[in-house]
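Welcome! Have a look at the structure below, and then we will walk through a few of its charged pairs and one patch on its surface.

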Amino acid sequence: MVLILKKQVLRRLITIRSFSYDKWYKVESERQKRINKKAQDFVKDKSVFDLFKFVTKEGVSEFKKFVQEFKETDNKNYKPYLEHGDFDYLYKFNTKEDIENWLVSSDSGYKIGKTKASLNLTQQNTGLFSGYLSSDYDKPEKSKAIYTGYANISSLTEQKSFKRENRINIDQFNCFMLKIRGDGRTYMMVLNTPSKYTLTYTYMHMFPLYTRGGPYWQYVKIPFSKFFHASHGRISDKQYRFEGLDVKSIGITCMDGVEGPFSLEIDHIGVLKDNESTEHFAYETYKIPKYISNT
Amino acid sequence: MARRLLTLNLQLTSLNALACRRLLSSASNDDKSLKKVEKTEEKILQKYLRKIRPKDEEEKEEEERKGPFKNYFEDEERNKSAIVFYEEYFDKNTKQKDRDNFMSALEAFRVTNPTKNLYLDFIYGALLKMKEYNAHTHLEAYRKLMEIFPIGPIKCLTKWQRDNMHFPRHQNCAIQILEQMERNGVILDEDFVRLTIKIFGDWTHVVRKAKRQLYWLPKFKNSNPYPIPSIEKLENMKDIEIAFAALERMCMSADNATRIEAYFTDDLEEKTKDNFESTWIVTAQSQKQAELLKDHKKSIPIFVEGPFITWIRSKMVEYFVMKTDPDPEIIEKIKQNENYDDLDQNFKNLHNMFNDPFRDEFSKNKKSDLSVHELTDGTIFALCCTGTGTKTSLFYWTKILEKQISELKDFIIVYKIKPKPSFLVDLDKLKNDFKENQQKSN
């Protein structure tokens, strides 16, 4: 009796859920076919042949690079004692090759906004970051973006042997030094400093870059202690200092919220050792009470 | 335990057997299943075609009404009447679009709707209308919007409610108000944060955002080294005052001794002339620049170029420059100045910013006395802003400078004035013109 009752109950449950095996079979068989096809393609095209190609063609050249890097390790690790006022050029914008190492991105690249941006050489051999910032939104359906309008330039990361990232280490210096000529807007200087986990790919330190308009050049000095920590473009509650280690890329964004043309002329970005600025960190490191999530 | 597991396994096997039977039966009846699939595909296609169909004008108008808060209004629970609802308070009953009328519309909602029915729709609508009424930089307007939320029923009482976003629809609406304040540069008051705590409870998502804004925004309020007039001040300023502030910002930090003066063309010349324009002119010139003009060679021409662009917050100012072509001698001097140390002598492979005169005399001799105004583009003699930006108004500007420096009459002056800055031109139009020209040539 018990078994019969159980069977009846099970049948009822099946009917209530309206689980159709036809649909399930259709979906499941297609899914399995897709997985099999993917696996076959992966084995055929990528795994074996790519490894073979890499070893023969690229592997030899990469290994030569690795040997060169191993020889030059002593020169790279050599850190001279810096005096007051020593500075070095990180990036110059004086030739066409320098400008090709920078990446320009804007809203219109993601098909959300309508901003235009470009980085070009001027007649005086300086880089000009210019365009038109617009807050119109021409977005696809069901996108979460409400506000639009930004343009950005960021440096490309150099690659070591075997396609590893070569990150910038400016630990021994003290502050940034820029030579720029802007148009009254406030830009933002961004240092992308993610750690090895993929969760932290938007971690960055940033500080506003104030410009006065006009034809005169201006030297901007920003000490490392002024940079605040942010993730996903928003200031985070937990603050810590920018130590000058493991910088993936340096960038400048224009996200003023004011619609219209913009132009920023850049000569160089440098690093400086200034013994007079002894500030460790400009902002307070308060703690939020327990059991409340930091963001 | 072992027995129980066995029984469970048995049950599972029986279930699997059931499923296999079903599968076999479905495999035998392939035709039926295919027909079903075809029917469903047709339904999906019809739905898809509805979306592709060209939009009517009424639908386009509705989308414009919704604005950026499209996702909120497109919920199935919200009716179309909700959009019309807030327009009764704003568009129909008000004629002048002022800040006072915006506040009166908010009061009208409080008086006529004591039950606060559909108040979230009203707030989203008011946020859209804010810029039309010129209330988007006004703190009291935002405070009045926040006071619409009822005190008591939305409040979080337990930790569970606080962490998991109690009443998410209401909290997202309040966050949107704070977001719009941040975008428009409005800085919070301490009482504003207390109000949010009263409504939502302490340390909720809304209050956390409000506290962050109260902590961070005043830090960067006065951090600009090139000072700008505040938002409230800039609304009441006239065009001359804005031009005066822009020139002051550009020149005074470069050269302290610049003299900025304003003139009106009505005082300079008679109105009976043919090409007369009644405008204002603001000039900026330092003593050093006047000396450079006097030393200038008469054979080399002087250019009046423009208009170039500067920004003061959201206002665009166009200015003009009087300058010459660059001398090759000056460019060489500037290049020598920038190379602070020769890299061959320096074993550290680094440059030095502040040269010690005791350390090396070589670098000391290299320095030359160049002023700020001598650049690689060319030496700059004066800056100006005019009300109209035409060629005649710039002709008056040269006459004003001639009174101060009498030697300017002998120079050749060339006017290089663009109708508009080059990056304002539409690229699409240029491309189309380029293609048409190519077709004609072929």
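Let's begin with Asp189(B), which is partly exposed because its relative accessibility is 31%. Keep in mind that this is a predicted model. Side chains of opposite charge can pair when their charged atoms come close, and a search of the whole structure finds 29 salt bridges over all chains.

**Arg143(B) and its partners**
- Asp189(B) forms a salt bridge with Arg143(B), at 3.1 Å from N to O.
- This pair links distant parts of the chain, 46 residues apart: Arg143(B) is in helix H8 of chain B, while Asp189(B) is in the loop between helix H10 and helix H11.
- Arg143(B) also forms a salt bridge with Glu140(B), where the closest N and O atoms are 3.4 Å apart.
- Arg143(B) and Glu140(B) are about one helical turn apart, because they are separated by 3 residues in helix H8 of chain B.
- Arg143(B) is buried, at 16% relative accessible area, whereas Glu140(B) is partly exposed at 38%.

- The side chains of Glu182(B) and Lys209(B) meet in a salt bridge of 3.1 Å, N to O.
- Glu182(B) lies in helix H10 and Lys209(B) in helix H12 of chain B, so their pairing ties together parts 27 residues apart in sequence.
- Glu182(B) is partly exposed at 34% relative accessibility, but Lys209(B) is buried at 11%.
- Both belong to one network of salt bridges with shared partners, which also includes Arg234(A), Glu179(B) and Arg183(B).

**A nonpolar patch**
- Residues including Leu51(A), Phe54(A) and Phe162(A) make a nonpolar surface patch of about 630 Å².
- Leu51(A) lies in helix H2 of chain A and counts as exposed, at 54% relative accessibility.

Definitions and conventions:
Residues are numbered from 1 along each chain as its sequence is written. Chains are lettered from A and ligands numbered from 1 in the order in which they are written. This is a predicted model: local features need pLDDT of at least 70, side-chain atom pairs count only at pLDDT 80 or more; totals for chains, interfaces and linings use all residues. Side-chain values use heavy atoms; hydrogens and water are left out. Patches are made of residues with over 30% relative accessible area and no salt bridge: like charges are joined within 9 Å, nonpolar side chains (Val, Leu, Ile, Met, Phe, Trp, Tyr) within 5 Å. Accessible areas come from the Shrake-Rupley method with a 1.4 Å probe; for residues, only the protein chains shown count as cover. A salt bridge is a side-chain nitrogen of Lys or Arg within 4 Å of a carboxyl oxygen of Asp or Glu. Helices (H or I, at least four residues) and strands (E, at least two) are DSSP runs, numbered from the N terminus. Buried means under 20% relative accessible area, exposed over 50%, partly exposed in between (1.4 Å probe, protein chains only).
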